[in-house]
Amino acid sequence: MMKMNKVVSGRTAGIATALGGAFSNQLGAASGSLAFPVIGPVGVVAVRQIVAALILLPVVRPRIWSLTRAQWWPVLLLALVFGTMNLTLYLAIERIGLGLAVTLEFCGPLAIALLSFRSRTSVFCALIAGVGVVTITRPQPTTDYLGVALGLIAACSWAAYILLNRTIGSRIPGVQGTATATGVSAVLFLPIGAWILITTRPDAFTILYAVSAGVLASAIPFVVDLISLRRIPTNLFGILMSVNPVLAALVGAVLLEEDLGTIEWVGIALIVTANVAALLLPIRRSRATTAGTEKWFWKPGQ
């Protein structure tokens with residue numbers, strides 16, 4: 001009985017930790033958007049990437065100098081994808097808001113999940129998600145098509161991130177590859193961030209908002225998600241992460257005063273439902289599946 005209670009307690013703690021990490025993610029994204037008027041999305045992403053690297057590299061301590069050529073190329077690609085994913089997401093947030101941008105981005109891992117199955121149910125889930133996307137975008141003369149396109153590019157980048165992580169997971173132990181990619185991405189954004197900070201001369205609050213984005217949306221979720229994945233099954237973790245679009249919409253409404261109508265909420269609900277349904281489908285293991293790569297839904301923040 002004591003052992004069972006310990007297991008239940010551990011799973012409850014894992015669930016609470018995962019949800020806390022998701023909430024931190026969206027708070028970080030909201031914090032970063034508050035700095036847009038001064039340094040723009042590019043400046044926020046640059047500061048965020050640098051802050052995340054400064055925190056994560058000392059924690060993970062990847063053995064950079066021991067990486068081989070076969071290990072380096074997917075890490076470098078992952079760094080480019082990581083930067084593209086965050087940059088397009090933040091550009092989308094600036095144009096269409098936090099809730100809708102994050103919801104569109106979640107189409108990336110959903111597509112990977114559905115492609116893992118070949119059944120009528122997966123097709124049905126894809127149709128639900130498609131209806132959700134159309135509902136959110138509502139094609140009309142006032143639709144911000146560029147904002148929608150940026151959100152979908154972020155989704156494609158997340159899908160690419162997942163596939164590259166599978167490759168890296170089979171070649172580099174633990175999360176050293178992901179941490180290294182974060183560092184490389186920070187180096188790429190360093191001159192851009194320096195130029196923006198020098199030319200805009202932001203005030204202390206703007207810097208605080210951008211730095212908070214790096215801490216809340218990258219560093220904290222990185223650690224929290226790893227802790228959660230040790231206590232709860234991967235599939236359950238993925239289902240819990242499906243709450244991110246809802247949290248993003250709520251945080252956007254409360255902190256950023258974003259006004260979402262009933263139609264937008266219906267679209268969010270459809271995509272979240274498709275995510276959960278896809279994750280409840282029986283998983284078919286492929287040859288590419290190796291230790292640690294089952295965490296297809298996971299990334300260190302958004």
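1. The crossing of α5 and α7 is right-handed. A crossing gets that name when the near helix is turned clockwise from the far one by less than a right angle, and it is left-handed when the turn is anticlockwise. Helix α5 covers residues 107-115 and helix α7 covers residues 145-169. Helices here are DSSP runs of H or I with at least four residues, strands are runs of E with at least two, and both are numbered from the N terminus.

2. A word on the source. This is a predicted model, in which local features need pLDDT of at least 70 and side-chain atom pairs count only at pLDDT 80 or more, while totals for chains, interfaces and linings use all residues. Residues are numbered from 1 along each chain as its sequence is written, and side-chain values use heavy atoms, with hydrogens and water left out.

3. Back to α5 and α7. Their axes come within 6 Å and cross at roughly 50°. Each axis is a line fitted to C-alpha atoms, for helices over the stretch in contact, and angles between N-to-C directions run from 0 to 180 degrees. Under 35 degrees would count as roughly parallel, over 145 as roughly antiparallel, and 65 to 115 as roughly perpendicular; the rest is oblique.

4. Which residues of α5 and α7 meet? From α5 come Cys107, Gly108, Pro109 and Ile112. From α7 come Ala155, Trp158, Ala159, Ile162, Leu163 and Arg166. Contact means heavy atoms within 4.5 Å. The residues of this contact divide into eight nonpolar, one polar and one charged. Nonpolar covers Ala, Val, Leu, Ile, Met, Phe, Trp, Tyr, Cys and Pro; charged covers Asp, Glu, Lys and Arg; the others, Gly among them, are polar.

5. Now a second pair. Helix α3 (residues 69-96) packs against helix α4 (residues 98-105) at an angle of about 140°, and their axes are 7 Å apart. That angle makes α3 oblique to α4. The crossing of α3 and α4 is right-handed. On the α3 side, Met85, Leu89, Ala92, Ile93 and Ile96 make the contact. The contact of α3 with α4 holds ten nonpolar residues, no polar ones and one charged.

6. Is α4 enclosed or open? Eight of its eight residues are buried, so α4 is largely enclosed by the rest of the structure. Buried means under 20% relative accessible area, exposed means over 50%, and partly exposed lies in between (1.4 Å probe, protein chains only). Glu105 is one of the buried residues of α4. Thr103 and Gly99 are also among them.

7. Step back to the whole protein. How many helices and strands does the protein have? It has twelve helices and zero strands. Buried residues make up 51% of its 302 residues. Among contacts with a separation of 6 or more, 90% are between residues 24 or more positions apart.

8. Gln176 lies in helix α8 (residues 176-200). Gln176 is buried, at 18% relative accessible area. Not counting residues up to four places away in sequence, Gln176 touches Val60, Arg61, Pro62 and Arg63. Leu54 lies in helix α2 (residues 36-60). Leu54 and Gly214 are 160 residues apart in sequence, but 9.7 Å apart in space, C-alpha to C-alpha. Leu54 is exposed, with a relative accessible area of 61%.

9. Check the cysteines. A disulfide is a covalent bond between the sulfur atoms of two cysteines. The rule used here asks for a pair of cysteine sulfur atoms within 2.5 Å. By this rule the count is zero disulfides. Cys156 is in no disulfide, and the nearest cysteine sulfur, that of Cys107, is 9.3 Å away. Cys156 counts as exposed at 54% relative accessibility. Cys125 counts as buried at 2%.

10. Last, look at two backbone angles. Most residues other than glycine have a negative phi. Arg201 is not a glycine, yet has a positive phi of about 45°. Arg201 is found in the loop between α8 and α9 (204-229), and is exposed, with a relative accessible area of 71%. Glu257 also has a positive phi, near 60°. Glu257 is found in the loop between α11 (244-255) and α12 (262-280). At 70% relative accessibility, Glu257 counts as exposed.
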